[in-house]
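Subject: Structure handover

Hi there,

Here is the structure I promised to pass on to you. My notes on what turned up in it follow below.

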Amino acid sequence: YRSENVFFSGSQSVYVYNSLEDFYTDANDGLANPNRTVSPVSLRRFQVTWNNIPGQEKPLQPLDVQYAGVYGQDDWAVAKNLKVVLGLRVDVPFFAKTGYQNALADAMTFRDQGGQAVHYQTAKLPDPNILWSPRMGFNWDVAGDRSTQIRGGSGIFTGKPAYVWISNQIGNTGVLTGSEQLDNTTLRPFNPNPDRYKPATVTGAPASSYALAVTDPGFKFPQTWRTDVGIDRRLPWGVIGTAEFLYNRDVNGVRYINANLAAPNASFAGPDGRPRWVGSNRINSNVSSAVVLQNQNVGRSWNAAVSASKTMSNGFLLKGAYSYGEAKNTVDPGSIALGSWNNNEHPGDPNNPPLAYSSNSPGHRVFLASAYSKEFIPHSATTISMFFEARTIANNSYTFSGDLNSDGGTSNDLIYVPRDASEMNFQAYSAAGRTYTSADQAQAWDAYISADPYLSKRRGQYAERGAVFLPMVRRMDLSVGQDVFASLAGARHSFQVRLDIQNFGNLLNKNWGVSQRIVLSNQPLIVPSAAQGGAVDAKGQAQYRLRTINGDLITTPLESTASLSDTYRMQVSLRYRFR
């Protein structure tokens, strides 16, 4: 496997403001004072990335992997009605030495997830660790007549990672590119020239500042231990029933830490006593982050399902099923190392996030499918089919808008759910000629919590990542088809007219088949900017503001969606077939 990935975020310079008004102030001041060096407002964040090797057109991240695997299996007939399959797979990846070494960063001391001092090698890609994957499966025909079959298996399964996880390291050693990130700063006033704050010259030596992405020396490709057991049973009236249970557990899951994050040096007073960072949160000031790709083995998921089906009899077919599942991990990794760590919601320590719901946790699903076909007149057949489904549409997390604890993440701090108004600490503020008092915000927030099925049961605790499951959506599709057929010259010819109505229930009632989502944002609480007083009040307690919609404080957690899937749609098709 060979690739030359290019990821050059921030190369155009990124300015993040606390408000649109702040941007206008900074931009207009720049027009009046083009040679200024200080902004009249404090930017929430400034970022820029630059090519750090002379003559380089674009920062290519070369990755070269040799991947070897061998697999063997054998079938074992234990008895006439019992078959067992045994197998073993062995994989080993070999990474070529395509990383860029930063000797200065190699000598730096960082902090691991346990608080211990640690060093990392910027050019060191994963070792060729051998991955063992044994597994077994079985099929037991209980009575020997296929009326009842029990089947299943258990084993370890290996999957290659998204190779971009590894190439992240090649592109982030401070040699291929350099980068700068400043928070709450006035030293980078807005400039329309995207290269304004990049170095005038580069030599290929380690940049003056940069972000790191490294891989733990013992990192192994993802492996999952999977166990599945199912029962198929022939029931009366020709019905086939199935029950199945699937369990997965991480053997080598994925996690991230920021090894350049210093230990927290303070905590909030009051009911929300989470740790926080005062002053710089970096161990090495010229390193904006040092995100380390590691393994973890606590992720798990399970799914249970039952189904029943009746094969076509007298033109009628019917099938139904129900399933429920949960998936939990410590992070849902994306393609960018920093984003995977920085955007991972947590209640306290971003380097030790608790086990929580994955964004892929399935929840509930039930469906019913039926079809009826009959030839009411010769050479003509009418078919009516229906599919009904109810399922959990998605899950989400409630977080603060802004960096409450100053760990560097602006959307990763899970909210604390107060028991009552006495545990709330709203900052009064004015906007668009209207004042929102602390008492007004507390009253609206309490109404919001009471109306939310999850938050109302979570009072006095932190919200959990991914634990807010949206209401199930229920939709039904209907199809009607009319076939006319005949045999001509030894071939069968048929002509079909078909009407498909998706979300048929919405055609009958505009309120049916409509999904729901969190109103406006999953961040109802806003952290005041530094200019507005910041996240901490005079007593050391976390303070915040309640979000508004069209000038009114938010009080309702859910609203109906308005996408194409929420409306009924009709399609008429004509089909000609011959054989």
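Strand S23 and strand S32 (residues 525-526) run parallel and are joined by 2 bridges. Here helices (H or I, at least four residues) and strands (E, at least two) are DSSP runs, numbered from the N terminus, and two strands pair if DSSP finds at least two bridges between them. Within this pair, Ser 401 sits opposite Ile 526 of S32. The open sheet they belong to has 3 strands in the order S23-S32-S33, with mixed pairing. S23 and strand S33 (545-546) each have a single partner strand and stand at the edges, so one side of each has no neighbour in the sheet.

Before you go further, please note that this is a predicted model: local features need pLDDT of at least 70, side-chain atom pairs count only at pLDDT 80 or more, and totals for chains, interfaces and linings use all residues. Residues are numbered from 1 along each chain as its sequence is written, and side-chain values use heavy atoms, with hydrogens and water left out.

**The chain as a whole**

The chain holds 6 helices and 37 strands. Its C-alpha atoms fill a box of roughly 85 × 60 × 50 Å along the principal axes. Of the 579 residues, 44% are buried (under 20% relative accessible area; exposed is over 50%, partly exposed in between, with a 1.4 Å probe and protein chains only). Among contacts (heavy atoms within 4.5 Å) between residues at least 6 apart in sequence, 74% join residues at least 24 apart.

Helix H1 (residues 20-32) has 13 residues and reaches 19 Å from its first C-alpha to its last, close to the 18 Å expected at 1.5 Å a residue (1.5 Å times one less than the number of residues). Its buried residues are Asp 22, Asp 26, Ala 27 and Gly 30. Seen down the axis of H1, these fall within an arc of 125°, so they line one face of the helix; the arc is that of the directions from the helix axis to the C-beta atoms. They pack against strand S3 (43-51), while Leu 20, Glu 21, Leu 31 and Ala 32 are exposed on the other side.

**A buried asparagine**

Asn 412 lies in the loop between S23 and strand S24 (416-417). Asn 412 is buried, with a relative accessible area of 0%. Its side chain makes a polar contact with the side chain of Asp 407 (3.3 Å); such a contact is a pair of N or O atoms within 3.5 Å, where within protein one must be able to donate a hydrogen and the other to accept it, and residues adjacent in sequence count only if both atoms are side-chain atoms.

Enjoy exploring!
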